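Have the viewer open and try each task before reading its solution.

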Amino acid sequence: MSFSPSAPAPVDHGNLGPRRYRTINWVGLWTLYSKEVRRFMSVATQTILAPMVTTLLFLAVFVLALGHAVDQVGGVAYMSFLAPGLIMMAIAQNGFANTSSSILISKIQGNIVDLLMPPLSPLERTVGMAAGGLTRGLVVGIATWVAMLPFAEMPIAHPVFVAYHAIMASLMMSLIGVLAGVWAEKFDHMAAITNFVVTPAAFLSGAFYSAARLPPFWEQVAHANPLFYMIDGFRYGFIGHADGSLTAGILIMLGANAFLIWLTWRLFATGYHLKA
Amino acid sequence: MDAATIQNPLRARRFGAVNWLGCAHLLRRQFKSGFADWHYTILGPVISNALYLLLFAVASSSLTRLDPKALVGFIAPGLICFAIAERAFEVSGANLIFEKHHNTHTDWLMAPLTATERAACFAISSTLGGMTIGAAVGLMTLLFARPSLSAPGALLFFAVATGMMHGLIGTLLGIWAQKWDQYTALHTFVLLPLAFLSGVFAPVQQMPEAAQALIRLNPIFYLIDGFRYGMIGEAAADPMVSALVAIGMNAVLFWWVHRWFRTGYRLKS
């Protein structure tokens with residue numbers, strides 16, 4: 001039996017031929033995104049309701065402990081100052097939690113191939129994952145905001161700032177979550193990152209106090225924390241008062257996100273910690 | 001040879017009123033799982049509580065004319081108490097669910113232990129687990145607050161009562177819950193709000209009448225108030241009342257755990 005390379009038998013592939021995409025695989029991208037969203041929506045009690053309740057508890061605790069002794073911060077009552085910061089903390093922590101847990105659990109359970117095998121480009125993977133985390137952050141943010149309305153006075157002074165900082169912060173933390181998920185190999189690693197990096201950065205970001213009233217050294221420390229700009233700009237959108245520079249905040253968020261998208265894209269492209 | 005003097009190695013083992021050897025083994029097993037990754041279980045609460053104190057110190061000194069030392073001194077006992085409670089709850093509750101999922105709880109269901117012995121071992125291991133974390137968090141608070149110990153006896157009593165009560169609640173929840181979701185849901189939506197709204201962060205006397213009345217229905221309020229009395233000598237409720245509430249709650253919970261262990265509710269099919 002011999003094969004003649006010059007005369008291949010004509011094969012009719014019918015519908016079984018390789019699928020063709022244009023520049024972007026929209027079906028694949030949408031599938032990845034909906035998988036990421038369904039993953040947290042199916043356990044909404046834990047992923048949306050729980051952070052909402054914890055954030056409300058923080059509001060209650062700080063207002064009870066300090067509210068009576070604070071005259072005004074940034075021209076508003078302490079509760080109105082505190083509320084936007086707490087919403088932003090919830091957005092940031094949940095954006096991070098969504099992507100980091102998704103990737104780490106997939107790695108541990110072995111179903112990370114579902115992310116690596118489909119015909120998605122590294123950039124499409126980056127966008128699909130990040131958009132999932134972005135959605136979780138925004139959903140938690142909106143839920144928390146609605147839950148706070150009966151308690152705190154929250155007029156929105158600059159809606160564009162609210163939207164810009166909510167989206168950019170959620171996106172940024174989702175991308176950092178992807179990086180953390182790719183890097184971590186055990187749940188211990190992730191718990192360490194959450195407890196020793198993300199939570200301290202969120203707590204010491206100026207959500208609970210005004211960085212402008214800190215001693216100069218600590219004000220410098222606050223300004224070195226990217227979460228400070230998220231919270232400061234977001235709060236400006238509500239109360240119309242900012243502790244730091246708004247332009248710097250906008251540019252830092254834009255730059256950080258551009259850099260993180262590039263980095264995640266590169267990691268997915270090389271398969272770092274994902275492909276053996 | 002007299003029949004009674006023959007040592008038959010295969011005869012049934014005899015215990016006195018209490019199977020001490022069995023209890024010691026169950027306790028050792030509980031401690032092993034409770035302290036499996038101790039560096040993390042200790043470091044986590046120490047760091048997060050240090051963050052709380054730092055936040056309160058910074059927020060109060062930059063925003064108010066309150067004395068940060070006094071505020072931190074007031075909050076610290078509540079946080080220590082809270083750390084004891086969380087860990088005690090976890091040692092029994094999380095461990096039980098894990099064992100149920102892996103079917104290793106048969107190890108101690110099969111062993112010749114009475115329901116009371118099992119309940120006591122769960123209570124003791126979670127109390128000690130909680131108090132270890134409490135001690136670590138307590139040492140950390142010395143970085144922020146002046147050391148004070150106005151009634152050591154009361155402090156020890158309420159530390160034990162807090163650990164035991166949460167250990168027993170954790171045991172009940174661990175027996176009842178079939179999924180992690182149920183366990184975390186009850187923790188987030190019931191236990192956490194009860195603990196946060198129990199006067200940990202602000203004196204009850206400052207709150208509105210209605211809030212005060214509600215807080216006095218919260219058993220955790222009495223534990224934290226009594227514990228704080230042991231440290232700084234200030235209390236919103238009479239420490240004797242708090243002690244009675246603590247003893248009553250623990251007695252009821254202990255009876256309940258004992259009952260579930262005896263009937264095998266959700267443990268034996």
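A residue is buried if 20 or more other C-beta atoms lie within 10 Å of its own. Keep in mind that this model is predicted.

**Exercise 1.** Describe helix α9 of chain A: how many of its residues are buried, and what is the phi of the residue that follows?

Solution. Start with the extent: α9(A) covers residues 226-239, which makes 14 residues. From first C-alpha to last the helix reaches 20 Å, close to the 20 Å expected at 1.5 Å a residue. Next, burial: 13 of the 14 residues of α9(A) are buried, so the helix is mostly covered. Finally, look past the end, where Gly240(A) follows with a positive phi near 70°.

**Exercise 2.** Is Ala76(B) buried or exposed, and which residues does Ala76(B) touch?

Solution. First place the residue: Ala76(B) lies in helix α3 of chain B, residues 68-102. Then count: Ala76(B) is buried because 28 C-beta neighbours fall inside 10 Å. Leaving out residues up to four places away in sequence, its contacts are Leu53(B), Thr141(B), Phe144(B) and Ala145(B).

**Exercise 3.** How many residues does each chain bring to the contact, and which helix of chain A gives the most?

Solution. Chain A brings 27 residues and chain B brings 28. On the chain A side, α2 (44-66) and α7 (187-203) each supply at least two residues. The most come from α2(A), with 10 residues.

Methods:
Residues are numbered from 1 along each chain as its sequence is written. Chains are lettered from A and ligands numbered from 1 in the order in which they are written. This is a predicted model: local features need pLDDT of at least 70, side-chain atom pairs count only at pLDDT 80 or more; totals for chains, interfaces and linings use all residues. Two residues are in contact if their C-beta atoms, placed from the backbone, lie within 7 Å. Helices (H or I, at least four residues) and strands (E, at least two) are DSSP runs, numbered from the N terminus. A residue is buried if 20 or more other C-beta atoms lie within 10 Å of its own, exposed if 12 or fewer, and partly exposed in between; C-beta atoms are placed from the backbone. The expected span of a helix is 1.5 Å times one less than its number of residues.
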